[in-house]
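Please keep the sequence and the model side by side while reading.

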Amino acid sequence: MVKVAPSLLSADFSILEKELQLIEKTAAEWLHFDIMDGHFVPNLTFGPLIVSSLRPKTNLFFDVHLMVENPDFYIKPFAQAGAQLLTVHQEACTHLHRIVHAIKEEGLKAGVSLNPATPPQFLDYLLEDLDLVLVMSVNPGFPSQSFLPAVLPKIRYFSEKKKERGLSYEIQVDGGINEKTAPLVIQAGATVLVTGSAFFEHASPNKYVEALKLFSIEKKKV
């Protein structure tokens, strides 16, 4: 069944603990942290302090997405803060293989993200080393953007490679995920859905998460 990862970027930071409790009342398994440095992407969000402050308050899986330049500088601080998965951008890494293994040396799962314009073939040599591939379905940097359908073949590509090579990495999709777009990415092979404004603005976040999971059950029946 597909995993759901609400993105903290779309939460109300004036009531952050209540927003966390809201997530915990749903069937979502992961909490997604969008870390932006104002350089790799134009926005600036938060750092390890937010991660460490929330870690004692929940058992959700901490999924940290580094949209930053020089991601190697951030590996140890986020590991110490309580991250369980660190995802870096292929576009931000000169020595991607080295950084992936530096993440694993800290005892964390390692993921790599690709911007919409980056070909999936760039990760062919590294797939055996990854715990997660993140396909950006918007250009990173801002919440509440519209889904880009052009990334669907990229999701299918990673799903096919996963089957061909007998691998087990998660295929995560981030950007514009809602009840209309979730079936498309699940059908293409997504296994983890990052969802922001569609989750926090929904009248019933619990029913929303259940709906996303139902799409993956329906896919198995096809």
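Strand 7 (residues 170-174) and strand 8 run parallel and are joined by three bridges, where strands are DSSP runs of E with at least two residues, helices are runs of H or I with at least four, and both are numbered from the N terminus; two strands pair if DSSP finds at least two bridges between them. The model is a predicted one, in which local features need pLDDT of at least 70 and side-chain atom pairs count only at pLDDT 80 or more, while totals for chains, interfaces and linings use all residues. Residues are numbered from 1 along each chain as its sequence is written, and side-chain values use heavy atoms, with hydrogens and water left out.

Strand 1 (residues 3-6) also runs parallel to strand 8, with four bridges between them. One bridge partner from each pairing is listed here.

| Residue | Bridge partner in strand 8 |
|---|---|
| Val4 | Leu193 |
| Asp174 | Val194 |

Both faces of strand 8 (residues 192-195) are covered, since Val192 and Val194 on one side and Leu193 and Thr195 on the other are all buried (under 20% relative accessible area, with exposed over 50% and partly exposed in between, for a 1.4 Å probe and protein chains only).

Between strand 7 and helix 6, the loop holds Thr181, which is buried with a relative accessible area of 10%. The side chain of Thr181 has a polar atom 2.8 Å from the backbone oxygen of Gly176, and the side chain of Thr181 also reaches the backbone nitrogen of Asn178 at 2.9 Å.

Key
A polar contact is a pair of N or O atoms within 3.5 Å; within protein, one must be able to donate a hydrogen and the other to accept it, and residues adjacent in sequence count only if both atoms are side-chain atoms.
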